[in-house]
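Biologist: Before we go through the assignments, I would like each term to be set against its rule, so please show me the model and take my questions in turn.

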Amino acid sequence: MTELSDVLSGGDPQAAAALIAAGADVRYRREGGYDALIDAVHGRDIARDPRLMELLELLIAAGADLSGESDYGESGLSVLARIGRFDAVRRLLGAGADERLLGWTALIRAVVLGTAGEVEALIRGGAALEEQDRWSRTAWLVALLAGDIGKAELLALHGADTGACGNYSQPPLFYAIDGHHPEVVRWLLARGQDVERTDDGGNTPLMEAASCDDAACLLLLLDAGADVHRGADSGDALSRAESPEIVQHLLRAGADPASLSAGGRRALLGLGPEADRAQEVVPGLAPEEFRRASMRRFGRTNPEQMAEPLWEGMIRAGISAWAASRSGADAPGRPPVWCAARFGQSITALPDGGFVQIGGEHEDWYDLDFCIYNDLFLHTPDGAITIFGYPEADFPPTDFHTATLIGDHLWVIGSLGYQGTRRYGETPVYRFDLRTFAVERLQPVGEAPGWIYKHRADRAGQSEIRLRGGTVVTAGGEGEVHTASTGAFVLDTAALRWRREPG
């Protein structure tokens, strides 16, 4: 049962067919009342899964229960209706699934399964336009989710509330996005739907398009003026992006790279999902070699190419230092395990399609594996990774800085760094030569922002970098004071001079 449940959740029809042929019971019910059909529509994104219909045909033929409900009132049929897989709903109903599980009105049923004529007949017969299904959706919202502009127009013509919201106050645009219908998004925008209207959680349609990995809908929203910088408690649009296409569209639209999630960063770098935490990062690595290679060390030259298979394996795997120590060797009081899963690490796209990552920290200061790094990862378009290390005196550990590309140089500005190493009033500025990857510290004159971190940096003309936002650290009493930076500061990289802009 467990094996079949796992396979169904993974959505592989061939593997499921093999288990059923070998005698697996397709009518199982596991803890919580979950059955085969519910498992087949959970555990992955099925909104656009091309294997779903084949999997359902297999379960239908094998005699699976098509109307089972979990202890929480879920059914396979209701899950499919909620996400808008109405092709699958139609097939299951045709195979005998209990339609009462959907809580549909006659009008909503006609919108999904009927003709425009049937919809109009029900409306003229007095059907309630604003009556809702179990997910607080009106017939209008269901038409948007189904991608049926004709029926949506018909409902609007007869007075349906085109501003109606569903569950969690999700506005109409969300339903067109969730159904992956860019033509409906375009139609709604042309009708004047607000591109910034939010749900109860403050989420915008742009955030929804990023979460749904729908590039076509996302581009329509950006063209309509959607604010790429707007955020909610759960983050902004870029923080939800998990595919290279969505990430690149948002970055080109001006999103702050600091918002990238770990998954979005890995997708952009072509690294794929995080590896299984149980696997060895470098198979066959002896415990004593793990202990040696897992220790952080600085470069001896500026730069030094750090040829460590364990380090490259950690970059590709994306796992934490703790997970790696389980795969290698662990002992109380050990030094931090070298790790590439970091916060405050900059990422910069190169003209040739490669990327550069610099520094960053792993874990918080109280953790055994807390470490701030000063290395550089070069990702080339062919998938190769080169790691460069630097003497601490030439390039101290840095995190929550910015990295801005100007010509053949990468300008790294600001840092939080280790407490006790911050030089109040100064602004760290380093320049990497991308032909040699050597780094040099620069000391521009003028009015600098101070010891700043978590700021935003953008090109401003041919040779200028503008800093906005962020936090400035100063000395105060017996400790430090962290204050929001105001206004903007511009670094002229040609003249090596700072100036402050008011505002």
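Biologist: How do you know that β16 and strand β17 (residues 464-468) pair?

Modeller: Two strands pair if DSSP finds at least two bridges between them, and four bridges join β16 to β17, which run antiparallel; therefore they count as paired. Within β17, R468 is the bridge partner of R456. Strands here are DSSP runs (E, at least two residues), and helices are runs of H or I with at least four residues, both numbered from the N terminus. This is a predicted model, in which local features need pLDDT of at least 70 and side-chain atom pairs count only at pLDDT 80 or more, while totals for chains, interfaces and linings use all residues. Residues are numbered from 1 along each chain as its sequence is written, and side-chain values use heavy atoms, with hydrogens and water left out.

Biologist: What makes β14 (445-446) and β16 (456-459) edge strands?

Modeller: The open sheet of five strands has the order β14-β21-β20-β17-β16, with mixed pairing, and β14 and β16 each pair on one side only.

Biologist: Which strand is joined to β12 (residues 429-433), and by how many bridges?

Modeller: Four bridges join β12 to β13 (residues 439-442), and the two run antiparallel, with V429 standing opposite L442. Their hairpin has five residues between the strands, and F437 takes a positive phi near 65° there.

Biologist: Why is D213 called partly exposed?

Modeller: Buried means under 20% relative accessible area and exposed over 50%, with partly exposed in between (1.4 Å probe, protein chains only); D213 has 35%, so the residue is partly exposed. D213 is found in the loop between α13 (205-211) and α14 (215-223).
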